[in-house]
Amino acid sequence: MNTEQLDLHAALKKYFGFSQFKGLQEEVIKSIVGGEHTFVIMPTGGGKSLCYQLPALLHEGTAIVVSPLIALMKNQVDALRGISQENGIAHVLNSSLTKGEIKTVKEDISRGVTKLLYVAPESLTKEENVEFLRSVPISFLAIDEAHCISEWGHDFRPEYRNLRSILKRIGDNIPIIAVTATATPKVQEDILKNLGVTNANTFKASFNRPNLYYEIRPKTKDVDADIIRFVKQNEGKSGIIYCLSRKRVEELAQTLQVNGLKAVPYHAGLDAKTRVKHQDMFLMEDTDVVVATIAFGMGIDKPDVRFVIHHDIPKSIESYYQETGRAGRDGGEGHCLAFYSYKDIEKLEKFMSGKPVAEQEIGQALLQEVVAYAETSMSRRKFILHYFGEAFDNETGEGGMLDDNMRYPKKKHEAKDALVK
Ligand code: ADP
Ligand code: MG
């Protein structure tokens with residue numbers, strides 16, 4: 001397609017109502033519209049969906065969007081239908097559809113109405129779907145949450161491993177756009193290698209979140225009291241407290257309630273109705289705090305979360321970054337407080353011990369980075385950004401937030417001693 005003839009800004013305004021592209025969006029869109037393989041690494045909230053949605057709307061044919069979560073696909077399809085008033089503009093193809101629904105989807109694609117087709121990777125492996133998709137014009141393939149392809153990512157999905165061979169069968173020269181918020185160089189290499197793409201235009205945005213304050217405190221037996229104090233000091237502000245186990249979630253939510261604080265639990269063991277209720281309470285500000293397992297957060301877009309507390313340290317820096325990243329989406333202050341004890345690391349190691357050796361090795365390596373992060377005396381922001389392959393030399397926090405180590409500098413051994421006493 002000739003990019004010169006396209007007025008991308010007009011299309012952005014027309015379809016999404018935005019007057020400006022965010023970050024690298026325009027360059028990314030030009031790359032994929034120009035028919036080149038494109039690799040996008042942007043933090044959560046960076047606006048990655050638009051990088052494939054807008055070009056899909058402008059292109060002839062249908063873009064296939066691979067995405068790991070049905071809920072996320074549904075959200076996007078609903079939003080797209082809302083902007084076009086044409087129901088067929090976007091579809092999800094998955095195993096829960098009836099025969100009649102599948103027929104409609106295929107007809108809409110054949111008629112050229114459907115611009116985006118969302119599929120879970122396991123639906124793509126179905127022979128009849130591959131056969132069908134081979135027979136219709138495909139504009140490009142978008143792979144959302146592309147880190148799912150890598151064992152080094154925090155969310156490895158074996159079904160993503162088959163993508164390369166399936167994509168090859170659907171069409172040989174179809175441009176691919178892969179997007180992810182996981183920025184470690186290892187995962188990036190793995191993604192491209194697995195997709196068999198050697199010549200992608202790569203766009204990487206900065207992962208610095210200047211408005212977040214990172215803090216690690218030693219975890220003692222008084223951790224609940226520490227958390228209560230913190231929440232009291234921040235009463236009326238929205239916050240998320242992550243715990244490893246459902247049991248701990250329940251206990252801590254109750255402890256906060258008993259102390260007169262507005263808190264609700266959230267974990268996958270609660271029935272769907274309660275989960276929706278508690279999530280809505282958080283969004284509507286009927287509760288200040290959600291105490292949750294990692295089941296809470298994906299796709300939740302509350303802009304004014306003022307703190308994220310980790311009662312238990314996460315299993316990787318990626319998870320930590322994702323979870324803390326839910327604070328301060330509006331650009332306002334976000335306090336990220338994690339409680340750390342080496343005992344918790346040992347607990348996480350124990351969880352892994354039943355897994356295959358290769359997985360254990362990866363898990364260990366990721367965990368050692370968490371230990372290094374918790375025990376470091378350097379700027380935590382710098383540590384995180386280095387981990388993501390990004391150079392950073394503004395530890396003094398000009399124009400942004402410091403972190404605990406920069407605000408209260410410690411000597412190297414003190415940093416560790418303070419945590420492991
Ligand atoms: P990501 O997938 O990178 O986490 P999303 O695609 O979900 O991010 O987008 C995050 C938010 O940014 C959404 O609310 C989206 O509407 C908004 N957004 C995307 N592009 C723009 C833009 N050009 N101008 C303003 N808001 C945008
Ligand atoms: Mg996204």
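**Entry 1: the ligand shell**

I began with the residue classes around ligand 1, and I counted four nonpolar, seven polar and two charged residues in its shell. I note that the model is predicted. I then looked up which residues come nearest to ligand 1: of the 13 around it, these are Phe18, Lys22, Gly47, Lys48 and Ser49. Helix H3, residues 48–58, gives the largest share of this shell, with three residues.

**Entry 2: helix H3**

I listed the buried residues of H3 as Lys48, Cys51, Tyr52, Gln53, Leu54, Pro55, Ala56 and Leu57.

**Entry 3: helices H7 and H8**

I next examined how helix H7, residues 127–134, packs with H8. Their axes are 8 Å apart and form an angle of about 40°. H7 and H8 are therefore oblique to each other, because an angle counts as roughly parallel under 35 degrees and as roughly perpendicular from 65 to 115. At the contact, I found Val130, Leu133 and Arg134 on the H7 side, and Ile166, Arg169 and Ile170 on the H8 side. The residues of this contact divide into four nonpolar, no polar and two charged.

**Entry 4: Glu145**

Most residues other than glycine have a negative phi. Glu145 is not a glycine, yet its phi is positive, about 50°. I located Glu145 in the loop between strand S5 (138–143) and helix H8 (163–170). Is Glu145 buried or exposed? Glu145 counts as buried because it has 22 C-beta neighbours inside 10 Å, and the cut-off for a buried residue is 20 or more.

I checked the length of helix H12 against expectation. At 1.5 Å a residue, the twelve residues of H12 should span 16 Å. I found the end C-alpha atoms of H12 to be 16 Å apart, which agrees.

H12 is followed by Glu285, a residue with a positive phi. I recorded the phi of Glu285 as near 65°, and this residue is not a glycine. Glu285 is placed in the loop between helix H12 (272–283) and strand S11 (289–292). I then asked how many other C-beta atoms lie within 10 Å of Glu285. There are 12, so Glu285 is exposed, since the cut-off for an exposed residue is 12 or fewer.

Notes: Residues numbered from 1 in each chain as written. Chains lettered and ligands numbered in written order. Predicted model: local features only at pLDDT ≥ 70, side-chain atom pairs only at ≥ 80, totals over all residues. Near = placed C-beta within 6 Å. Helix = DSSP H or I, 4+ residues; strand = E, 2+ residues; numbered from the N terminus. Nonpolar A, V, L, I, M, F, W, Y, C, P; charged D, E, K, R; others polar. Axes fitted to C-alpha atoms, helices over the stretch in contact; angles between N-to-C directions. Parallel < 35°, antiparallel > 145°, perpendicular 65-115°, else oblique. Contact = placed C-beta atoms within 7 Å. Expected span 1.5 Å × (residues − 1).
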